[in-house]
Amino acid sequence: MPFARIMPSALWLVLHLTAGACRRGAASASRAARGTTEVCARGTMTASPCCAIPGGTNVTLSCQLAAPRGWAAIFLNSSEQTRAWGGSVSKTFLLTAQGRHYFTCKCFCGGRTTLICGIDIHCGNPPDEPRNVSCIQKGTQGRPTCTWHKGRLTYLPTAYGIELSNGTGAFSFPEEAPGQEFGSGALSKLDFDSNYTVVVSASNPLGNASSQPLTFTLVDIVKPHPPDFWVEFDDSSATSCTIVWHREAQAQHCRLRYRPLGRHGWSTVESFGREKFHLQGLEPDTAHEFQMSCRMLPGRGLWSDWSSSQGSTPAAVPTGTLDVWYRQQELDSGLQNLSLFWKALSRWEAGGRILSYSVTLEALEQGKLPAQSHSTTQTSFSRVTARAGHRVTVTAHGPRGSSAPATILTHLDSPDLPPPQRVCAVGLGNSSILVSWSPPAGAALPLGGYLVEWAEPWREPRLQPQHSWVRLPPSHLSTVIAEHIRDNVCYQIHVSALYQDRAGQAASVRGNSTAQAPSAGPQMFTSPWASGVLVSWEEIPAPQQRGCITGYHIYLRRKDGQGQPEVHAVPAGAPRSLRLPRLEPGEHHELWMTAATAAGEGPRGNSDSVCLDSAGDWLTLALICSFFILSACLCSVPPARRAFQWLLSLLLPQWQSKAIPDPANATWAKSLAAAKAELSAPSSPFLPGGAFEEPEPSPVEESPARPEPPKAGDKGEVGSAGSRGHGESSAEEQQLPELYQRLLLEAMEPPEPVAEYISNPGSPAPEPAPEPEPSPIAAFPSAFLPPALCRPGNLTLDRVKLSGSS
C-alpha cells in the first residue's frame, strides 16, 4: 500500500492502543483505590468504589462541609437520602439499576439550601464479544465496510475498533456512526491478491472483548452492481425469448429467474457466463417478469441485487383438444335438458388466450332437428333438446387459430355397453378418495378408457362444480380424486367405460374422504300393521350426515323399561321402512332410531310410543264378520236354507213355533158346510153342469201390504201347512170346492161378522170365541193370514190349486 495511506492508520492504532492501556491502568488504579474524592470550594465528597461499577454493588457516600454551621444532607438523583447536624454525613447505597446515578451534597443553613459538591457513578456491564462480523465491498471499485453485532448494552462508554492484518502488517480502523446494537467501520482499499484477517475489539472501564477472526479475499466480499439486461421476443416462437445483458468486467457468473406476471413461484436458470442467453419453456401469449443477478466467480463472491424487466410472449395456434362431458335431465313432452362441460386448455395447449368456444349439436336419429351451432365464452353450455342421442362437437378458438374439435356421443340407454365391475371407494383423508374398479365383461365394442365422475347428491345441479370428472386410459383401474372434494361430505361417484367416442352404462358407489358420526338422528314415523308396527323415516339433512350413512338402527323397548331394547339393523340403500312383527297386544312400546357412518353411531332421533289393541276384540269382530258371510253363502243354496230355517226354529222363542189352528173347524167353516147344498145346484153360474172340474192353477198377485202382527190376546197363530199328514190331504181336497165357492159368494155379498181368526183391520176386536181344538191340518200356510181376506178384491194367495173331486 502507499505510505501516505498506511501512516495515518498506523498512528491511530498506536494512539488507540496506548489510550486503551492508560484507560485500563486508570481503571485498575481506581479499583485498587476503591474510591474517589471530589474537592469543592464548600467541602468535599467521597465515593467508594467509584466511578464505574457493575450492577449490585454497595457504594459508600460521605460529605464533609468546609465550614460546619447547619445540616448536611446527601441526595440521589435530586432525592434526599439522609442528613446529619454538623459538618459531615455518610451513607452506603446498593446500586442495582443500570445507568448513571448522580449523588450531591447540600447544606441547610439559615433557611437556605446550598450545593456543596457532587459525584456521578455509572452502573453497567463489561462489553460482550462482537458477533456476526462481515465485510462487503459494493462493486469492484468500492470501499470495503465491516459490520458486527455488539451484544448487550454496556451503559458505559465503550470503544470499538477494527484490527486488519494481511500477514505482513496490522492496521486499525475506528467505528463509524456508532449504534446501540450494530457497529460498522470502513477499511482502506484492498487488492485481489492478498488474504485478509479482521478482528473487532471492544473496551470499557469494566473490561475488554474481541471477536473471532474473519479471513477472506477481496473476491469473497465484492458484491457486483445489478446487471443491465433486456428481453427480445420472436413472433415465430411463442414459447421462447433471448436475454441480452451487460455486466461488470470481472463478474463471470450470472443467474436468471422468470415467471408469468402475478404468480408466486419462480423458474431459475444459472451458470452461464456469456452476455446472451436463449430462454425456452415460456407460456404463449402471456406477460412474464424476468430478473437477473451476477457474482464474481461460480461458487465465490456475493450475489448482486436483482435487476428486473417485463415482456409478453406472442400467441400460438392451439395444440390441445378439449376434455368434454355432459349431463342429461329428462323433461316433459319428450324433451331433455342437455348440459355440456369442458375443461379449459392450459396455456401451453391453448397457445395463449382462448377467445371463444363453438358448440355443435346434431341428433343421431334421422328426422330430428338439423345440426345447431352455438358460440360461448364460458366452459359450459346448456340447451333443451329432443329426448334423443346427440353428437356433440366443441372447438376452442384463439387469436392464432382453433383447436382440434372434441366429439362425444350422448345416449339415453346403452344396454350393449356394460359398466365396470366391483367399483369401490376408500377415503384417504386430506380431501381425497381412492376409487377402484374391474374391467366390464361382455362388451360389444373395444374399450377406449374410463371416466370417473363425482358429485354431492344433495346439492342442486346448478351449484355442483362443473369439472368434477377425470378421463383415464384403459390400463388404469384406479384413481385418486381430490378436485372439489371436501372432508365429511358424502359423494356419489359414477364410473363409466368409454367405447370409442361414447360412454357406456355407469356403475355407482358412495364415498367420503373422512367421516364423523352424524350430528342428528332420522325423523321417524310409525303406524300399526297387523300384529306389529310399520316404521318409516326420512333422510337426515346433508349437513348433519357428516359423511356417507352406512346403516340405521331401530330400537324397540317396553315402556316399563324392563330388559334391554331390541335392535333392528337396516343397511344403507334399503327401503326406508321396516315392519316389526309380533308385538305384545296391550303393551306400551317405545321406538327410536339412530344413523351411523364409518366413524360411528350418531344420536337418537325422535321417539314414538306404540300400543296395539287386545287380541280379544279383534277375535270377536272376526267371528261376527265370519258368521254373516257364512250365513249369506248358506242362504243362497236351497237345502242349506231349509236346514238353516230349521235351526232358527229351534233357537227362536216357543210362541214362534206354535201350530196354526185349522180354519175348517172355525165357525165360518161350519156355516160353509150348511150352505154346501145350495152351492152344488146345477143353476150356479160359477159351476155349470153337475160336475166340478179342477181349474188350471192361476197365479195370484201378492200384495205388498204386510199384515199387522198378532196381538197378545189373539189366537189366530196357526202352524205351518207343511206339517199336515198324508191322511188329512183328502179331507182338505173335499172341502176346497165349497170353500172356493163360499169365498166367491162372500166377495159378491157384504161380509158377515168374521170369526176370531179373521179380523177386519180398523174395526174393534170381537169377543174371543171359545178356542177350537187346533187341527193338525191347516187350510192355508202361515203366510196366508186372514186379514188379507177381509178386504174386497184383495185376495193375496200365492198359487191355489182346488180339487173338484168332492
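## Close-ups of a predicted model

**View 1. Gln 291 and its surroundings.** The side chains of Gln 291 and Ser 308 are joined by a polar contact of 3.2 Å. Residues are numbered from 1 along each chain as its sequence is written, and side-chain values use heavy atoms, with hydrogens and water left out. Back to Gln 291: its side chain also has a polar contact with that of Glu 289, at 3.4 Å. Gln 291 belongs to strand β24 (residues 287-295); strands (E, at least two residues) and helices (H or I, at least four) are DSSP runs, numbered from the N terminus. With 9% relative accessibility, Gln 291 counts as buried, where buried means under 20% relative accessible area, exposed over 50%, and partly exposed in between (1.4 Å probe, protein chains only). Leaving aside residues up to four places away in sequence, Gln 291 touches several residues, among them Phe 229, Arg 255, Trp 266 and Trp 306; contact here means heavy atoms within 4.5 Å.

**View 2. Strands β24 and β25, side by side.** Six bridges hold β24 and β25 in an antiparallel pairing; two strands pair if DSSP finds at least two bridges between them. His 288 faces Gly 311 of β25. Strand β25 (residues 307-312) has a covered face made of Ser 307, Ser 309 and Gly 311, while Ser 308, Gln 310 and Ser 312 are on the uncovered one. In a regular strand, side chains alternate between the two faces of the sheet.

**View 3. Glu 232 on strand β19.** Glu 232 is found in β19 (residues 228-233). Buried or partly exposed: what is Glu 232? Its relative accessible area is 39%, so Glu 232 is partly exposed. The side chain of Glu 232 makes a polar contact of 3.4 Å with that of Trp 230. Beyond residues up to four places away in sequence, Glu 232 touches Cys 241, Thr 242 and Val 244. Ser 312 is 80 residues away from Glu 232 along the chain, yet their C-alpha atoms are separated by 9.8 Å.

**View 4. The three-stranded open sheet β19-β20-β23.** The strands come in that order with antiparallel pairing. β19 and β23 (276-280) are the edge strands, each pairing on one side only. On average, neighbouring strands of this sheet are turned by 25° against each other, direction ignored; the axes are lines fitted to C-alpha atoms (for helices, over the stretch in contact), and angles run from 0 to 180 degrees between N-to-C directions. Antiparallel strands β20 (residues 240-246) and β23 are joined by five bridges. Val 244 has Lys 276 as its bridge partner in β23.

**View 5. The open sheet β34-β35-β38.** Here, too, three strands pair in the antiparallel sense. β34 (421-427) and β38 (478-481) each have a single partner strand, so one side of each lacks a neighbour in the sheet. Neighbouring strands are turned by 15° on average, direction ignored. Four bridges link β35 (residues 433-438) to β38, with Ile 433 opposite Ile 481.

**View 6. Aromatic pairs.** Rings of Phe, Tyr and Trp (its six-membered ring) pair if their centres lie within 6.5 Å; planes under 30 degrees apart are stacked, over 60 edge-to-face, and the rest tilted. That rule gives 12 aromatic pairs. Phe 93 and Phe 103 form a tilted one, at 5.2 Å centre to centre with 50° between the planes. Phe 93 sits in β7 (residues 88-95) and Phe 103 in β8 (residues 99-109), so the pair ties together parts 10 residues apart in sequence. Both of these Phe residues, Phe 93 and Phe 103, are buried. Trp 325 and Tyr 326 are tilted as well, because their ring centres are 4.9 Å apart and their planes at 40°; both Trp 325 and Tyr 326 are buried. Elsewhere, ring pairs connect Phe 233, Tyr 258 and Phe 290 into a cluster.

**View 7. Arg 83 over two rings.** The charged end of Arg 83 sits over the ring of Phe 108, 4.4 Å from its centre, and over the ring of Trp 71, 6.0 Å from its centre. (The rule: NZ of Lys or CZ of Arg within 6 Å of the ring centre and within 35 degrees of the ring normal.)

How values were computed
Predicted model: local features only at pLDDT ≥ 70, side-chain atom pairs only at ≥ 80, totals over all residues. Polar contact = N/O pair within 3.5 Å; in protein donor to acceptor, adjacent residues only side chain to side chain.
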